[in-house]
Amino acid sequence: MIRVALAGNPNCGKTTLFNILTGSSAHVGNWPGVTVDKKTGIYKKLDEQMEIVDLPGIYSLSPYTPEEIVSRNFILDEHPDVVINVVDATNLERNLYLTTQLLEINVPVVIALNMSDLVRKNGDKLDSKILKDKLGVEVVEISALRGDGLSELMNAALKASSAHREGKTLLKDKDLMHLVKDISIAFEGKAVENPLFHAVKLVENDELETKAHPDLLWMVDKFKQTFSDDTFGDDFEALIADARYKYIAKEFSTVVTKKDVSNGKNETKSDRIDKVLTHRIWGLPIFIAIMFFIFHFTFSEDLLFMGKMGLSIENPGLINFFTGMGYEGEALEGIPSLGVWLQSWMGWFTGQFISGFQWICSGFKEFGDVAAEAASSTWYGSLICDGVLAGLDSVCSFIPQIMLLFLFIAIMEDTGYMARIAFILDRAFRKFGLSGKAFIPMLTGFGCSVPGIMATRTIENEVEKNRTIRLMTCFSCGAKAPIWALLAAVATACGFGYADIFVFTIYIGGIALAIILAIFMRVFTKDRYTSPFIMELPQYHLPQARNVAAHLWEKLKHYVYKAATILTASLIVIWFLKTFGIENGSFCMVEDIDNSLIGYIGMVLKYVFYPCGWAINADGWKYAAASVTGLVAKEDVVGTMAVLFNGGAEDTLAESIHTLTASGIYSFAVFNLLTFPCMAAIATARAEQTRIEFLKTLAFWFGVSYVGSAAVYWVGTLYEVAWWGGLIVTLALAAGVVTSGILVTRKTKKA
């Protein structure tokens, strides 16, 4: 089987190309020893199958990031039969920098000139023949998004894979090339593969090369004694980088001929859209508005507030349709959002599924409450129905809402808007010491904290890196979405608050809290450094159904796999702790849950969390126990509450948690947002930090979540008792934040 490596810059369309080439055969894992995604798949449309390996998006083959090291080692050590270098035709100069490095390796290379259709759509002319002639490799114009030119590309890759190719360099400086040639000869004498590539990297003082071949450094040092550049001195890495860009600018400037712009109308469609979406004043409010509508269409019980405007449905059939067979003889005010509607029907189906198991476990007694009671009377029936199935039902019934939320996020990513969010936030918050380089890992944390924490490797300043890891919990990961969905339903069942606004405030409030915490962290530290942030904004385009579907499928597989493994095992342990205990002087299946093992544990935890408000009432120990089980997986919080509150379907569970007040619900949400993430994220943080910094991070996560939760509860309670008192405290806290922000802004500006 022919092995093909896909290499290219971030946002060049490489992943889109990979998805369309491999389809359902794609497999995602990790590179050996490195927690960076490894994607492989099979291309089956030629006589000989081709294994496609999607290398991480990189800008060069220098060892500055784990992604660059992975890509470099794969090409050098794994010997792919051919490398397809995906190049963004709308940004040739930046993309061809990596190309000049790939060509120095003894590997067949084919250039996939992507987004060629956009070049012509903008009115520009593209001449790929110039690239082919000067680079000496095959160049194929494609559009990965539209699927154009892919057959020609793979045929060219197949042809190139059978031909040997010697690496060549595009560097032209005679003196420098004399040194490169001498070192290449030395590498050949040592029987080192790809001598030209290694020679150039050694001249650049590449970290990996200097460690691997210290015996050849004397050649570079001797040359430095007789060479000096007026601009770069003896910094050969900068000199070579400059030489690459000069060559690209000189030789390939005519590849893309811009249309006549004498009339001044040279703006692309993306430029015009960016004038609105990235506006320095309106960009942030537009982002907030977009986020609100996403949560409104996902979690709202009253779509577009039609119920508040007088829409009332009394027909039982329509009510059952909109509420998932939830008709209770009352009129329905308004209609639910798509997310709530899907969740209601999912809850109905899972409820019927559980009822079927109860019927079987009861020995086929009367279907319904009789079967449920009979099933719970035996330990195996209780384990299956009251433990595993009830917990999984509470988690899985929220799958439609979570998938809908991820759908919106995938659309924002595929259109190119997500990259703009980092740009908007960087511009808005740089004055407070937070750069876009820190926000990109945080935004990644909306999906999962593990890759978000790993992405902090790109932050060269250790202080800023540690700060970013600590603030990661402010950005709600996908595993916490079931918690917000449940608490939103609780808020609705208790008759206060809008579900969509509740979830919206959690996400937006998390971002705002990250800013506030960053301000205070800057106040009490001497560090004034903020990482520079440079990024390329991809062209806007319509989302591709294939990419969005692949994204959702990966999320769904991950969610279902976790439910079938980690959550199921956790629920069995929780069921055992809930079902057995000491009652009437002996160890047995208890009738009163307060006498269970988890009841004793929860009673101790209850007093630990008493100041947070949600642990005050009689059921407070259940909330405490649920929060602790969330250390394994955040979905366990909902699963544990389902088991402890005997909730089967979502509405039953939501109505059974009526003991919380409005401030208690928000307090519980704040604690679970900010506290320790799951064990996988904790382990990742430990791998990225020193022992001392990691311990500081653990203390920060617990301290901020505990204090924040208590503050929300007691300030909220103060509003309920005397609104003016709550307002005074809120204004005082706001004044402290503003004062700290001014101090940080001045110090940052001075620095």
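Start at Cys 474, which is buried, with a relative accessible area of 2%. The model is predicted, and the values along this tour are computed from it. With Cys 474 selected, look for the closest cysteine sulfur: it belongs to Cys 477 and is 12 Å away, too far for a bond. A disulfide would need the two sulfur atoms within 2.5 Å. The structure as a whole holds 0 disulfides. For another cysteine, select Cys 588, which is partly exposed at a relative accessible area of 26%.

Next, select residues 481-493, helix 23, together with residues 635-644, helix 28. The two axes come within 7 Å and cross at roughly 45°. Helix 23 and helix 28 are therefore oblique to each other, and their crossing is left-handed. To see the contact, show side chains for Pro 482, Ile 483 and Leu 486 on helix 23, and for Glu 635, Val 637, Val 638 and Met 641 on helix 28. By class, the residues of this contact are 6 nonpolar and 1 charged, with no polar residue.

Move to another helix pair: helix 14, residues 316-323, and helix 15, residues 338-361. Here the axes come within 7 Å and cross at roughly 95°, which makes helix 14 roughly perpendicular to helix 15. On the helix 14 side, select Asn 320, Phe 321, Phe 322 and Thr 323; they meet Trp 341, Ser 344 and Trp 345 of helix 15. The residues of this contact divide into 4 nonpolar and 3 polar, with no charged residue.

Stay on helix 15 and select Gln 358, which is found in that helix. Is Gln 358 buried or exposed? At 12% relative accessibility, Gln 358 counts as buried. Setting aside residues up to four places away in sequence, Gln 358 touches Ala 371, Ala 372, Ala 375 and Cys 385.

Now select residues 92-102, helix 3. Of its 11 residues, 9 are buried, so helix 3 is largely enclosed by the rest of the structure. The buried positions are Leu 92, Asn 95, Leu 96, Tyr 97, Leu 98, Thr 99, Thr 100, Gln 101 and Leu 102.

Val 255 lies in the loop between helix 11 (236-251) and strand 9 (256-257). Val 255 is buried, with a relative accessible area of 0%.

The last stop is Asp 182, in helix 7, residues 174-189. Asp 182 is partly exposed, with a relative accessible area of 30%. Draw a C-alpha to C-alpha distance from Asp 182 to Asp 148: the two are 34 residues apart in sequence and 44 Å apart in space.

How values were computed:
Residues are numbered from 1 along each chain as its sequence is written. This is a predicted model: local features need pLDDT of at least 70, side-chain atom pairs count only at pLDDT 80 or more; totals for chains, interfaces and linings use all residues. Side-chain values use heavy atoms; hydrogens and water are left out. Axes are lines fitted to C-alpha atoms, for helices over the stretch in contact, and angles run from 0 to 180 degrees between N-to-C directions. Helices (H or I, at least four residues) and strands (E, at least two) are DSSP runs, numbered from the N terminus. Angles under 35 degrees count as roughly parallel, over 145 as roughly antiparallel, 65 to 115 as roughly perpendicular and the rest as oblique. A crossing is left-handed if the near helix is turned anticlockwise from the far one by less than a right angle, and right-handed if clockwise. Contact means heavy atoms within 4.5 Å. Ala, Val, Leu, Ile, Met, Phe, Trp, Tyr, Cys and Pro count as nonpolar, Asp, Glu, Lys and Arg as charged, and the others, Gly among them, as polar. Buried means under 20% relative accessible area, exposed over 50%, partly exposed in between (1.4 Å probe, protein chains only).
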